[in-house]
Amino acid sequence: MKRAHLAAVAAISITAALSANSAQAEDLTLCWASWDPANALVELSKDFEAQSGHKMSFEFVPWPNFADRMLNELNSGGQLCDLMIGDSQWIGGAAENGWYVKLNDFFDANGIKMDDFIDATVTGYAEWPKNTPNYWALPAFGDVVGWTYRKDWFERPEIQTAFKEKYGRDLAVPKTFAELKDIAEFFQKREVDGKTVYGASIYTERGSEGITMGAMDVLYSFGFKYENPDKPYDMEGYVNGPGAVAGLEYYKALYDCCVAPGTSNTYMSEGIDAFKSGQVALQMNFAFTWPGFETDMDVGRGKTGYFANPAGPDGDQFAQLGGQGISVVAASTKQDAALEYIKWFAQPDVQAKWWSMGGFSCLKAVTLAPDFPQSQPYAQTFLDSMAIVKDFWAEPSYATLLQDTQKRFHDYVVAGQGTAQEALDGLVADWTETFEDEGKL
Amino acid sequence: MTHSPIERVAFATPPAIASRARGLSDRALAWIFVTPTIALLLAINIFPLVWTIRLSLTNYRANRAGAELEWVGIRNYTRILTDGDIWLSMQATAHFLIWTIVLQVAIGFALAWLINRKFKGNDLWTTIIVLPMMLSPAVVGNFWTFLYQPQIGLFNYVVSFFTGIDPSSFSMIGDVSLAPWSIVIVDTWMWTPFVMLICLAGLRSIPDYIYEAAAIDRASPWRQFWTITVPMVLPFLMLAVLFRGIENFKMFDMVTLLTGGGPGSTTELTSINLKREAFEKWRTGYSSAYAIILFVTVFGLASIYVKALNKVKQR
């Protein structure tokens, strides 16, 4: 009896010690890109620190180096990051290489349902293989490429008159890419407030992913498809079909006619600068940039308008998905605390606060709330854009596929080498070689 | 009685160690001293080289470390040597290499020749001229990006001032025909002082009495230049060419920051191309083969060049 009593006391002591250990305050590191939403997340996470007792540290890397730096970290099994808000295209490699913790059981145990999140973000940020219920991330930041325009310029009577004289229609938000080019041409080198302005700022960056994100944003609506829907990895006629060729020709024509001088290597931050400085009338950029325009002294206070990607020649309308999901790094020794963070982050009230702070929530409870479209001037455009998204390959070999695309597009669009057909035929050859190397073809 | 430092060390050595050391031959002692260096060289130079050769014969990808390794023989080498893009990259590198060396040697030698003359403010001018090479290549790449900016860049305005061309009508780093020259200009601006310093050392090593003897023999300054100055500075010049050649063959940082290899792939030098293959596309086996080809090229060219340099020095 005494022995049984002693054993019970020992068991209770061990259990108590273990639970004390599991509830121990941890120092969690969250890794993400260095941009405005990351600063908002730092603020938001203070609530988590107060509630959980865990301390949050952050490792933010500028976008051009983000993928290089973080993929190296994941690949080497580094323990710098406990939580990773990784790009949507990483999900295939992260899942297949075991970099992220699979979250299905955790979601089930904690009542987190993927149906509660915008469908496109679940597919884009969380699933691998795509369209299967295997989740490796919680949709954290919804993002999509859309357009901003100088609403104040569009509303000026003299500009409206000049536009109508030239094109025979009112100057308004473009419904098609053809209209968008007309507007960009109209503003190119026009004098506005005594300053020469230019038509549009579009993505042309060579080093990381810029020109691919920009050109794909246009190509989708012209008929580009990554593969035969009925035969995976069959790309001939889809990647380089007539529609895709027309789309790439359009992107080059837009670059040739309507961008500011010296913009042969521009991405998100250069677009923001061009728009805020009053250099361009139209700007292609990810939605994350929009809150910054609203608070800007020069282009805020109603001077900026927003619109989703216009339609292509056949009426198709798609947009390039951005954004990321939040994952637990498999190499982390603090997975329990990291999962605690995800559980906290998935709560509707936290997501509502996230949206109010400039974070683009993916939770339907937030985005489908009746007052959401009126909550910000860009809220409706965000919803419209998220409804038409497509994303780049998320295969484990995405980096190779991406770099091939960067080269082919930049060679044609910016350097003017070859034709659109040659660029896309070359891309099919590059991608085919990669998939053959991967054993998928 | 005072002892020399060596004797003091000998006396201070404990007898046991001293007796053991006395039992070692000179050859054994030499090996003891050299072994750590050899071990270090093997670990950080030879082993990685052998390992790279091994990887170059496989389809290994560093981001798929767990994947099955397949021996592909010399397929990576044949793919590289038949890849048109790689040859374009080689051409871009050759253009950069040749023109930077030609310009830096010409301007560097001319500056050294001028600085070597005694005039007031000589030291101040030397200091001002060598300033660019003291800057970080990253800084240089970044601020020349602004200098080349068509709308606000000083470079375009200077060109416009002298030629009347609209400054915003051309983009040094965005135009296919101008971009290769834009990186040549920046590298020349930055590294000409280095060539100048080496040439200056060469010029100052020529004894005055040789010129005095030539003057007594009524040799004209032009004749003195070609028969004394140039031959005696030539080994120094060749050394400068070797240094700049090796440096520019592996040029990465400044060009990456300035053009990112663009527009298109116009300024994508081999080192940038190699980095993309190795650390962006993660084709480790392929990029290992690429690195080996570049290594053999540089090593071969440098060996031939060093032999030529030794011949010039012996003359």
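**Note on selected sites in chains A and B**

1. Apart from neighbours within four places in sequence, Leu42(B) has Phe47(B) and Pro48(B) in contact with it, contact being defined as heavy atoms within 4.5 Å. Leu42(B) belongs to helix 3 of chain B; helices here are DSSP runs of H or I with at least four residues, numbered from the N terminus.

2. The model is predicted: local features need pLDDT of at least 70 and side-chain atom pairs count only at pLDDT 80 or more, while totals for chains, interfaces and linings use all residues. Residues are numbered from 1 along each chain as its sequence is written, chains are lettered from A and ligands numbered from 1 in the order in which they are written, and side-chain values use heavy atoms, with hydrogens and water left out.

3. Leu42(B) is also one of the residues of a nonpolar surface patch, which includes Trp31(B), Phe33(B) and Val34(B) and has about 910 Å² of accessible area together. Such a patch joins nonpolar side chains (Val, Leu, Ile, Met, Phe, Trp, Tyr) within 5 Å, from residues with over 30% relative accessible area and no salt bridge, a salt bridge being a side-chain nitrogen of Lys or Arg within 4 Å of a carboxyl oxygen of Asp or Glu. Areas follow the Shrake-Rupley method with a 1.4 Å probe. Val34(B) is located in helix 3 (residues 26-56) of chain B and is partly exposed at 39% relative accessibility.

4. Helix 7 of chain B (residues 137-147) has Val140(B), Gly141(B) and Trp144(B) as buried residues. Viewed down the helix axis, these buried residues fall within an arc of 100°, so they line one face of helix 7 of chain B; the arc is taken from the directions from the axis to the C-beta atoms. Their cover includes helix 8 (154-163), helix 9 (179-204) and helix 12 (253-258) of chain B.

5. Thr270(B), in helix 13 (residues 270-280) of chain B, is buried at 0% relative accessibility. Beyond four places in sequence, its contacts include Ser89(B), Phe249(B) and Tyr290(B).

6. In chain A, Asp217(A) lies within helix 10 (residues 210-222) and is buried, at a relative accessible area of 0%. Among its contacts beyond four places in sequence are Trp147(A), Phe177(A) and Asn309(A).

Note on methods. Buried means under 20% relative accessible area, exposed over 50%, partly exposed in between (1.4 Å probe, protein chains only). Helices (H or I, at least four residues) and strands (E, at least two) are DSSP runs, numbered from the N terminus. Patches are made of residues with over 30% relative accessible area and no salt bridge: like charges are joined within 9 Å, nonpolar side chains (Val, Leu, Ile, Met, Phe, Trp, Tyr) within 5 Å.
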